[in-house]
Amino acid sequence: LTLLSGPAPRYPREAIREGWQGEVVLRVLVDAQGRPEAVVVERSSGHRALDVAALRQVKERWRFQPMQINGQPAAAYALVPIRFSLPE
């Protein structure tokens with residue numbers, strides 16, 4: 001799998017206000033057309049707002065080059081880390 005388009009999620013206002021940072025790891029099932037078919041939190045950032053922002057962005061906006069099996073596109077899983085960090 002190769003990421004073709006993966007815009008960063010918006011930092012949730014609540015997370016900015018509270019100073020929350022962290023990394024969420026998502027388990028993404030990418031279909032044969034390169035679209036996320038199922039997205040779940042594999043490892044939480046520790047903050048629900050960050051996890052939800054990452055999950056929504058990947059599910060709605062990310063696109064992949066699908067895996068190839070014998071020259072044919074096929075569904076596959078990927079682990080996707082997304083880091084939220086505030087400027088110092």
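Visitor: Is Leu1 buried, partly exposed or exposed?

Guide: The model is a predicted one. Leu1 lies in the segment before β1 (2-5). Buried means under 20% relative accessible area and exposed over 50%, with partly exposed in between. Because the relative accessible area of Leu1 is 40%, the residue is partly exposed.

Visitor: Which residues make the nonpolar surface patch of about 230 Å²?

Guide: A residue of a patch needs over 30% relative accessible area, and Leu1 has 40%. The nonpolar patch of about 230 Å² is made by Leu1, Met67 and Ile69.

Visitor: Which residues does Ala76 contact, leaving aside its neighbours within four places in sequence?

Guide: Ala76 belongs to strand β7 and counts as buried, at 10% relative accessibility. Contact here means heavy atoms within 4.5 Å. With those neighbours left aside, the contacts of Ala76 are Leu1, Val28, Leu29, Val30 and Met67.

Visitor: How far apart in space are Ala76 and Asp51, C-alpha to C-alpha?

Guide: In sequence, 25 residues separate Ala76 and Asp51. In space, their C-alpha to C-alpha separation is 22 Å.

Visitor: Why is strand β2 described as largely enclosed by the rest of the structure?

Guide: Strand β2 covers residues 22-30. A residue counts as buried under 20% relative accessible area. The strand is largely enclosed because the number of its 9 residues that are buried is 7.

Visitor: How many bridges join β2 to strand β7, and how many join β2 to strand β3?

Guide: β2 and β7 (residues 76-84) run antiparallel and are joined by 9 bridges; in this pairing, Gly22 stands opposite Phe84. β2 and β3 (residues 36-43) also run antiparallel, with Val25 opposite Arg43. The counts are 9 for β7 and 6 for β3.

Visitor: Which residue in the turn of the hairpin formed by β2 and β3 has a positive phi?

Guide: The hairpin has 5 residues between its two strands. A positive phi of about 90° occurs in the turn, and the residue that has it is Gly34.

Visitor: What is the phi of Asn70, and is the residue buried or exposed?

Guide: Asn70 is placed in the loop between β5 (67-69) and β6 (72-74). Most residues other than glycine have a negative phi. In Asn70, a residue other than glycine, phi is positive, near 55°. At 77% relative accessibility, Asn70 counts as exposed.

Key
Residues numbered from 1 in each chain as written. Predicted model: local features only at pLDDT ≥ 70, side-chain atom pairs only at ≥ 80, totals over all residues. Heavy atoms only, no water. Patch = residues over 30% accessible without salt bridge, like charges linked within 9 Å, V, L, I, M, F, W, Y side chains within 5 Å. Areas by Shrake-Rupley, 256 points an atom, 1.4 Å probe, with all protein chains shown as cover. Salt bridge = Lys/Arg side-chain N within 4 Å of Asp/Glu carboxyl O. Helix = DSSP H or I, 4+ residues; strand = E, 2+ residues; numbered from the N terminus. Buried < 20%, exposed > 50% of the residue type's maximum accessible area, 1.4 Å probe, protein only. Pairing = 2+ DSSP bridges.
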